[in-house]
Amino acid sequence: MPRPDRAPTLKEIAERAGVHISTASRVLRQPEPVDGWTPSALRVREVAAELGYQRNLWAASLRTRKTTTLGVVMPRLTDGVVATTYQGIEEAATRAGYSVLLSSPPDDLDAQRRAIQLLVGRQVDGLLLSSLHIPGRPFVDSLSLGPLPVLTVTRHADAGLPFVGGDDYRGGSLAAQHLLDRGYSDVAIIAGPDHASTARDRRDGFVDTLRAVSVPLPDHRIVRSDFDVSGGVVAARTLLDRGGRPRAIFAVSDTIAIGVLGVARDLGLTVPDDLAIVGYNDIPVVAQLPVPLTTVRSPAHEIGVTAVRALLELVRGGDTASVRLPVELVVRASS
């Protein structure tokens, strides 16, 4: 037994668990295998927990030149979708034996550059970037990243990096097809900010699906906006507070759609009789609104989990392909 005034050694753990010291060392430094721990590995971990063993990560990093830390740059963490994606990131990293260093700067390139430089200086083993601006390639090329594995999550931004996100083009197409199936041809889109590839891909899927069946969408029916509720309010007033308003609106985020619902209420419009609305992401609140929102569900948590798995494959020296996870339409009362 180790003395209570010092930490147990690997040799003591191995002897008590009945395994070779190399086996104990391997079990205590690796993440859980996909097919689970063997009985002997479980015994090692149980003995280590009983004896209060804590791995010396600092010493291990000196030997391996790895910090078992991932850097994440994720603006707009107050957004529910972004927060859910980060939850998936942290859960997957923890399961793999990694810690996460998070920086949540404003959604502008100068702030993101400073955040990236800070994390690179902390010698993270890999980097997840969630909010690059279009075009992302020049920005990435301007960074001093060396061989550091980098993956983009949610927004690919045409950066030429491995990417994990939802199939946003498909999501925009689903929204358009739904409105067409319901008989709407007099439609508009609140398209989000120009710098976000998520917004652009959703817009393109929507517009291309309408164009394929010769439904016109004039330029004045494509309105840019911020991603938040106030952005939806401003854009909705542009479309609705005048004559010739559309019969249906696709908003490229649920928060934008909530702003549209507020403007419709203020103008005395009934949803969906006077105005149909479709959002995007399926944040929890939209199912509980006075008029529950039809929306495209994006797998935010799964995106975070998948992004960590893909990044760790790069950290291990492997390759990874970009992944666009499936999205689905959730039909409720607003359309």
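In this predicted model, helix H10 and helix H11 touch through a set of named residues: Val229, Gly232, Val233, Ala236, Arg237 and Leu240 on the H10 side meet Thr255, Ile256, Ile258, Gly259, Val260, Val263 and Asp266 on the H11 side. Sorted by class, this contact of H10 with H11 holds eight nonpolar, three polar and two charged residues.

**How H10 and H11 cross**

- H10 covers residues 229-240 and H11 covers residues 254-266; their axes come within 7 Å and cross at roughly 50°.
- That angle is why H10 counts as oblique to H11.
- The crossing of H10 past H11 is right-handed.

**Helices H1 and H2**

- The axes of H1 (residues 10-17) and H2 (residues 21-29) come within 8 Å, with a crossing angle of roughly 105°.
- H1 is therefore roughly perpendicular to H2.
- Leu10, Lys11, Ile13 and Ala14 are the H1 residues in this contact, and they meet Ile21, Ala24, Ser25 and Leu28 of H2.
- By class, the contact of H1 with H2 is made up of six nonpolar residues, one polar residue and one charged residue.

- Twelve of the 16 residues of H12 are buried, so the helix is largely enclosed by the rest of the structure.
- Among the buried residues of H12 are Ala300, Ile303, Gly304, Val305 and Thr306, as well as Leu311, Leu312, Leu314 and Val315.
- Where do the buried residues of H12 pack? Their partners are helix H5 (80-95) and the strands E1 (69-73), E3 (126-129), E4 (150-153), E5 (163-166) and E11 (323-325).
- Just after H12 comes Gly317, which has a positive phi of about 95°.

**The protein as a whole**

- If you are looking for the secondary structure, the protein has twelve helices and twelve strands.
- Its C-alpha atoms fill a box of roughly 80 × 40 × 35 Å along the principal axes.
- Of the 335 residues in the protein, 52% are buried.
- Taking the contacts between residues at least 6 apart in sequence, 71% join residues at least 24 apart.

Definitions and conventions:
Residues numbered from 1 in each chain as written. Predicted model: local features only at pLDDT ≥ 70, side-chain atom pairs only at ≥ 80, totals over all residues. Heavy atoms only, no water. Axes fitted to C-alpha atoms, helices over the stretch in contact; angles between N-to-C directions. Helix = DSSP H or I, 4+ residues; strand = E, 2+ residues; numbered from the N terminus. Parallel < 35°, antiparallel > 145°, perpendicular 65-115°, else oblique. Left-handed = near helix turned anticlockwise from the far one by under 90°. Contact = heavy atoms within 4.5 Å. Nonpolar A, V, L, I, M, F, W, Y, C, P; charged D, E, K, R; others polar. Buried < 20%, exposed > 50% of the residue type's maximum accessible area, 1.4 Å probe, protein only.
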